[in-house]
Amino acid sequence: MPTATRKKAPASRAVRAPRPDGAATRALLLEIAGQVFAERGYADATSKEICERAGTPMASVNYHFGSREALYEEVLVEAHRQIVSVDELVEMTRALGDPRDKLRALLGHMVAPSPRGNAPWGFRVVLREMMSPGPLAPALVEKAVRPKAKLLLGLLAEILQLPADHPAVQRALVFSVLPCIVLLVAPKEIPRKVLPAMAKDSEGMIEDLMRYVFAGLAALAKAHRR
């Protein structure tokens with residue numbers, strides 16, 4: 001009898017070696033790019049330097065982000081998050097019921113002393129962008145600033161008992177937050193040399209700032225709720 005022809009088993013496919021973790025490489029590039037942009041600014045930082053310092057191929061920036069501009073946009077958003085994220089702001093006020101207490105917590109967090117010398121690169125990136133806004137500043141406003149402003153406008157609207165789109169509420173946001181931004185970005189040497197008494201009493205400064213802000217809000221509420 002003829003021997004039955006056996007079908008050959010299909011050849012097993014070669015197992016490919018796993019590709020490097022793309023997410024890890026992307027995160028590394030973002031971290032190194034933040035450091036480089038903080039040191040050199042947008043105009044002088046190059047994709048070549050970022051890739052060299054990250055130890056990745058020269059095309060890595062374009063591969064993972066599309067362009068140097070798109071990478072810088074993500075650096076700006078991450079920089080703002082490093083200073084304070086929307087999630088942090090929400091969590092910070094979750095247990096507080098009174099909108100005044102929430103505003104106090106948020107503003108106090110903004111001006112609380114911090115070891116900026118050891119801070120992440122985000123502060124320096126944001127400071128550079130504020131001093132010399134680049135072409136991607138609108139992206140920073142839309143993705144990072146606007147959500148935080150919306151949260152603060154909601155609190156101020158509750159305090160003033162006015163709609164969030166009322167001009168007085170929007171002016172109140174500027175009047176309340178601008179002093180905090182000045183205190184945040186001002187070089188530490190200025191208060192030490194020019195206003196030494198203020199620099200020595202950070203807790204008193206925060207308390208007086210709150211008195212100043214809430215007295216102003218009370219005056220705005222009285223004037224605009226008539």
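This is a predicted model: local features need pLDDT of at least 70, side-chain atom pairs count only at pLDDT 80 or more; totals for chains, interfaces and linings use all residues.
Local features here need pLDDT of at least 70 and side-chain atom pairs count only at pLDDT 80 or more, while totals for chains, interfaces and linings use all residues. Residues are numbered from 1 along each chain as its sequence is written, and side-chain values use heavy atoms, with hydrogens and water left out.

Colleague: How many salt bridges does the count come to?

Modeller: Side chains of opposite charge can pair when their charged atoms come close. A salt bridge here is a side-chain nitrogen of Lys or Arg within 4 Å of a carboxyl oxygen of Asp or Glu. By this rule the count is 10.

Colleague: Which residue forms a salt bridge with glutamate 74?

Modeller: The closest N and O atoms of this pair are 2.6 Å apart. The pair links distant parts of the chain, 48 residues apart, with glutamate 74 in helix α4 (residues 68–83) and its partner in helix α1 (residues 22–44); helices are DSSP runs of H or I, at least four residues, numbered from the N terminus. That partner is arginine 26.

Colleague: Is glutamine 161 buried or exposed?

Modeller: Glutamine 161 lies in the loop between α8 (137–160) and α9 (167–185), and its phi is near 55°, a positive value in a residue other than glycine. Most residues other than glycine have a negative phi. Buried means under 20% relative accessible area, exposed over 50%, and partly exposed in between (1.4 Å probe, protein chains only). With a relative accessible area of 58%, glutamine 161 is exposed.

Note on methods. Helices (H or I, at least four residues) and strands (E, at least two) are DSSP runs, numbered from the N terminus.
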